[in-house]
Amino acid sequence: MDFKLPKTHILLQDLYRKFAQTEVKPLAREMDETETYSMELIKKMQKCGFFGIPYSKKYGGGGADVLAYVLCMEEMSKVDASTGITISVHTSLCCSCINEYGTEEQKQKFLRPLVDGHKVGCFSLTEPNAGSDASGQQTTAVRDGDHYVINGSKVFTTNSGFADTFIVFALTDKAAGTEGISAFIVDAKTPGITVSANIPRMGIRAASNCEVALQNVCVPAENRLRKEGEGFEIAMNALDGGRIGIGAQSVGIAQGALDEAIAYVKERKQFGRPIAAFQNTKFKIAELQTKIDAARLMVWRAALAKDAHEDYSALAAMCKLFASEVANDVTRACVQLFGGYGFSREYPVERMMRDAKITEIYEGTSEVMKMVISGSMKIR
Ligand SMILES: Cc1cc2nc3c(=O)[nH]c(=O)nc-3n(C[C@H](O)[C@H](O)[C@H](O)COP(=O)(O)OP(=O)(O)OC[C@H]3O[C@@H](n4cnc5c(N)ncnc54)[C@H](O)[C@@H]3O)c2cc1C
């Protein structure tokens, strides 16, 4: 057992960190305030290969692994959680469905441009009446010769404002419950798709997150992933992997906030001394760093299990449950360490505190994580 990163990964971590600090950090505040993600930044990240890290070079991906991907997620989220989720939804939700369930032809046609940096993907599962209970899908896909006609509405689809490729889940058999759900790769330009304006949000405000209306959207039958009825399994599998990325995003938000707080307490003087000199400050920082390190190790454990093709579902749920709580606890404590300045928009910790909240909600709420973990423990 080795808790140290391999040399290859230390080099990658350094690359991600330098990019995040020089290219992402300077834009984070403005992107949050304007609630708009920089398309120029997306192009730069695509060029650097950040949109295909764990995918095979055979398809134009980075040929690295899930561990490398979580390092990227942490470094980006340290400075901007919106960047983290933009990469995460594309990588762990959209691309993974095609990588793990697509035919060779589908991978060449759809996965390649996504992982080689030409296209952006999104994942449309959640509907107004199907959130935690994703089995309650109401969107339908009706077979008509060599294509399907999709009708319905999705909500909270991240990246949908600029994505080129959607993974859409829809009922092909209304009577069959979860076994009636199928998954489709849908080109964003297909007539009948209407993407709303960004949904106004508390945090990760720079990320694109919209409602998606699907009206008589004609999708070639060859774009269906696997057989009819296998969509629910595809969605649940993608979410298992996605949760490792959200765990890493949470660790990044927490470490980013703590790094800002450490720099601040060394500078800020009260009672004639830097506030870092007070034992309360030092002990608080020690507690917070300990929590972050524990969360990071849980994320790495889940990433290594996925890389080793072991069963990682409960490990992913545990790392997301724990790391998201840590992100919320740490960012709240960091705002406190900044005092009134933490509450102001002058410093990034207020944004980080707002951004942290979503990690307890998306890709399965904390309550859903507890269902997954207790389910794996077979408690009767
Ligand atoms: C910013 C953002 C980005 C998102 N991105 C995407 C995306 O890209 N693609 C996508 O498909 N979806 C996305 N989502 C949707 C997200 O995954 C859902 O919001 C989430 O799964 C919760 O569903 P819900 O909002 O309908 O809440 P609900 O399911 O209505 O839950 C409300 C509350 O009830 C609790 N609850 C529900 N059922 C139970 C139960 N059985 N036992 C105990 N408690 C329960 C929940 O834990 C929660 O606290 C995103 C959401 C947001 C806000």
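**Entry 1: a network of charges**

I began with charged side chains and found that Asp32, Glu35, Arg205, Arg345, Glu350 and Arg354 are linked in a network of salt bridges. I counted a salt bridge where a side-chain nitrogen of Lys or Arg is within 4 Å of a carboxyl oxygen of Asp or Glu. My search of the whole structure gave 24 salt bridges.

I note that the model is predicted, with local features needing pLDDT of at least 70 and side-chain atom pairs counting only at pLDDT 80 or more, while totals for chains, interfaces and linings use all residues. Residues are numbered from 1 along each chain as its sequence is written, and side-chain values use heavy atoms, with hydrogens and water left out.

**Entry 2: the chain as a whole**

I looked up the secondary structure and found 11 helices and 10 strands in the protein chain. The radius of gyration is 21 Å, close to the 21 Å that the globule rule gives for 380 residues, so the chain is as compact as a globular protein of that length. Here the radius of gyration is taken over C-alpha atoms, and the globule rule is 2.2 Å times the number of residues to the power 0.38. Helices (H or I, at least four residues) and strands (E, at least two) are DSSP runs, numbered from the N terminus.

Along the principal axes, the C-alpha atoms fill a box of roughly 80 × 45 × 40 Å. Of the 380 residues, 54% count as buried. Buried means under 20% relative accessible area, exposed over 50%, and partly exposed in between (1.4 Å probe, protein chains only).

I then looked at contacts, meaning heavy atoms within 4.5 Å. Among those between residues at least 6 apart in sequence, 73% join residues at least 24 apart. The accessible surface of the chain comes to about 17000 Å², and 55% of that belongs to carbon and sulfur atoms. These areas come from the Shrake-Rupley method with a 1.4 Å probe; for residues, only the protein chains shown count as cover.

I looked up Lys44 and found a salt bridge with Glu23, the closest N and O atoms being 2.8 Å apart. This pair links distant parts of the chain, with Lys44 in helix α2 (residues 39–47) and Glu23 in helix α1 (residues 7–34), 21 residues apart. Lys44 is partly exposed at 35% relative accessibility, and Glu23 is partly exposed at 27%.

Next I took Glu260 and Lys25, whose side chains meet in a salt bridge (3.4 Å, N to O). Glu260 lies in helix α6 and Lys25 in helix α1, so the pair ties together parts that are 235 residues apart in sequence. Glu260 is buried at 19%, whereas Lys25 is partly exposed at 39%.

Lys154 sits in strand β3 (residues 147–158) and Glu127 in the loop between β1 (121–124) and β2 (140–144), 27 residues apart. Lys154 is buried, with a relative accessible area of 1%, and Glu127 is buried at 3%.

**Entry 3: a lysine without a salt bridge**

Where is Lys320? I found Lys320 in helix α8 (residues 313–338). Lys320 is buried yet has no salt bridge, and the nearest side chain of opposite charge, Glu363, is 7.5 Å away. For charge, Lys and Arg count as positive and Asp and Glu as negative; His and the chain ends are not counted.

A polar atom of the Lys320 side chain lies 2.8 Å from the backbone oxygen of Thr359. Not counting residues up to four places away in sequence, Lys320 touches several residues, including Arg243, Ile246, Tyr362 and Met369.

I looked up Glu74 in helix α3 (residues 66–79). Glu74 counts as buried at 5% relative accessibility. Leaving aside neighbours within four places in sequence, Glu74 is in contact with Ala248, Val251, Gly252, Gln255 and Arg296.

Glu230 lies in the loop between β8 (224–225) and α6 (231–267), and is buried with a relative accessible area of 18%. I noted that the C-alpha atoms of Glu230 and Ala183 are separated by 7.3 Å, though these residues are 47 apart along the chain.

**Entry 4: positive phi**

Phi of His309 is near 60°, a positive value in a residue other than glycine. His309 lies in the loop between α7 (279–307) and α8 and is exposed at 74% relative accessibility.

Lys378 also is not a glycine and has a positive phi of about 50°. I found Lys378 in the segment after α11 (366–376), exposed at 63%.

How values were computed:
A polar contact is a pair of N or O atoms within 3.5 Å; within protein, one must be able to donate a hydrogen and the other to accept it, and residues adjacent in sequence count only if both atoms are side-chain atoms.
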